[in-house]
Amino acid sequence: LEQHGLRAGFYGHVSAGCLHIRPFMDLQRAGEVARMRAVAEEVRDLVVEFGGSNSSEHGDGLVRSEFNRQLFGDALYGAMRGVKRLFDPHGRLNPGKKVDAPAMTEHLREPALPIPVKLTTHFEFAEGMHGHANRCARIGACRKSADSGTMCPSFMATRDEQHSTRGRANALVKALSAPDPRAALGDQRLHEILDLCLECKACKRECPLSIDMAALKAETLAHHYERHGVPLRARAFGNIRRLNRIGSAFAPWSNWLAGLPPARALVRAIGIEVRRPLPVFQRRTLAKWFRSRQRTPLAVPRANADRKARGPVVFLADSFTSYTEPWIGRAAIELLEHAGWDVQLASDVCCGRALISKGLLRQAKAQHAALIRQLAPAAQQGIPIVGVEPSCVLTLKDELPALAPRDEGAVVIARQTRLVDELLVEAIDDGGLAIDRSRVNGRRILFHGHCHQKAAGATTASTALLERLTTGQVVTLDAGCCGMAGSFGFEREHYELSMQIGGMRLFPALNAEATETRIAATGVSCRQQIAHGTGRHADHPVVLLHNAIRGTTGTI
């Protein structure tokens, strides 16, 4: 594949030594059919050399049957032809399969189709938007029951093909093959098919072809809004940082007003579910605390004067840690400082996660430009950029370079960005953070990771952090998506489905736990959903660590 300049998706079955390889190729491009055949012939020769089978579990069909003479040899191939003639002397039953096959380059569908119109997109898809959607091999790994993994939450709940990753990919391929793909992306039926995508990004990890339906949906929404305008609710949720800042500025009055009937009526009018509790704004934001505090050491079990200086670190003050849950940011910053880091607070930039999820990609790119100007100089010096909210941290690692692929600042920021859990685990392991085990009881901890964190394979540090702060058992739940997914669970038409998704695995797992079990969750949406769906409180792991070092059980 590398020799031919190709990338591919790989999946298969380890026990049987079966490997499926799906090269990403556009057979409508000049020379691609010949390149496909060249790769297939080289693979065939490797299979023959190592005594393998070319077709594995799915049979030879029209694609591989022409290679059977080379694979089996003249004698066995002749016997196969004899059996075929014996039972099918007139060649009526599946002609061209196994023996006497046409060339694999005949009967190809894509070269006979009209060439899709090139579409300018905000995201840079390596194969184009059409090619990325067309990665789907139609094997239906997304059509699974709600017993493991995360992909695809809405299909697990509805069992409807149109709500699977495969169904959405097929619908997008059809739209992007239209003579006017821009108009097709604005089609209401397509909008309905993509509507229940929670943008959990599980497909990017669990789909064998790594289809990024979250990016495809955001791109489609951007084109849909170009034709139909942006709804008020989408504008509100997309600009949640600004709304949170205003709410905090007027707290506690804003919290009181939000509970009054006129405010609830307004909330209902723009399509927000009134049964869903609204976030509580905090008057003392993280930035206010950071500016006004006196830096006093944590109450720790031993003097830590000999801790090593680790240099500067930039802490990303996300929209929720800043205005609705500042105690999580305070815990993280105090722990970093106690471990020897010099914390610099980035409180006036935004990752653009909310704008991206609502398809407001032009605004997101504008926010990214400001973020790059501020954070790139630090990143280029090798300074780590950390945060506590996985969706925001991982936006800098994923969507930021995808929306600004030729900006070196975006690339270096993505490279330097990490979850704060990683730095804290390193500090514990090298002695920079000391936990007095006598203060830590053996209570069991249940950990629910954020979907974006799981999609990026980034739950390891959070689990490791929890394992280091308790003598009890740490259980990482395989409970799929919580169903909240940022604004999705707030939207009136999605509320019931949101609760249904949470009720498939997550709520029962938590309800089955003893009251003394501690619940940990890294995502703000996950903690909101857990509280609403089960009545149980979930802490961010850094709060549990801070409490363990202080020897307390409450919040800061």
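Is Arg 44 buried or partly exposed, going by its relative accessibility? I kept that question in mind while going through this predicted model, and here are my notes.

1. **Arg 44.** The answer is that Arg 44 counts as buried, because its relative accessibility is 11% and the cut-off for buried is under 20%. This arginine sits in helix α1, which covers residues 32-49. Setting aside neighbours within four places in sequence, the contacts of Arg 44 are Asn 54, Phe 67, Gln 70 and Leu 71.

2. Please have a look at Met 151 and Cys 152, which are joined by a cis peptide bond with omega at about -10°. Cys 152 belongs to the loop between α4 (128-133) and α5 (153-158). With a relative accessible area of 6%, Cys 152 is buried.

3. **What surrounds Cys 152.** Which residues does Cys 152 touch, not counting those up to four places away in sequence? They are Cys 142, His 163, Ser 164, Thr 165 and Arg 168. Pro 208 lies 56 residues from Cys 152 along the chain, and the C-alpha atoms of the two are separated by 13 Å.

4. Pro 252 is placed in the loop between α12 (240-249) and α13 (253-258).

5. **Positive phi at Asp 100.** Asp 100 is not a glycine, yet its phi is positive, at about 50°. You will find this aspartate in the loop between α3 (68-87) and α4. Its relative accessibility is 47%, so Asp 100 counts as partly exposed.

6. **Positive phi at Arg 138.** Arg 138, again not a glycine, has a positive phi of about 65°. The loop between α4 and α5 holds this arginine. Arg 138 is partly exposed, with a relative accessible area of 29%, whereas Arg 44 is buried at 11%.

7. **Helix α28 and what follows.** Helix α28 spans residues 524-534, and its buried residues include Val 524, Ser 525, Cys 526 and Arg 527. Further along α28, Gln 529, Ile 530 and Thr 534 are buried as well. An α-helix has 3.6 residues a turn, so residues three or four places apart point the same way. After α28 comes Gly 535, with a positive phi near 75°.

Terms used: Residues are numbered from 1 along each chain as its sequence is written. This is a predicted model: local features need pLDDT of at least 70, side-chain atom pairs count only at pLDDT 80 or more; totals for chains, interfaces and linings use all residues. Side-chain values use heavy atoms; hydrogens and water are left out. Helices (H or I, at least four residues) and strands (E, at least two) are DSSP runs, numbered from the N terminus. Buried means under 20% relative accessible area, exposed over 50%, partly exposed in between (1.4 Å probe, protein chains only). Contact means heavy atoms within 4.5 Å.
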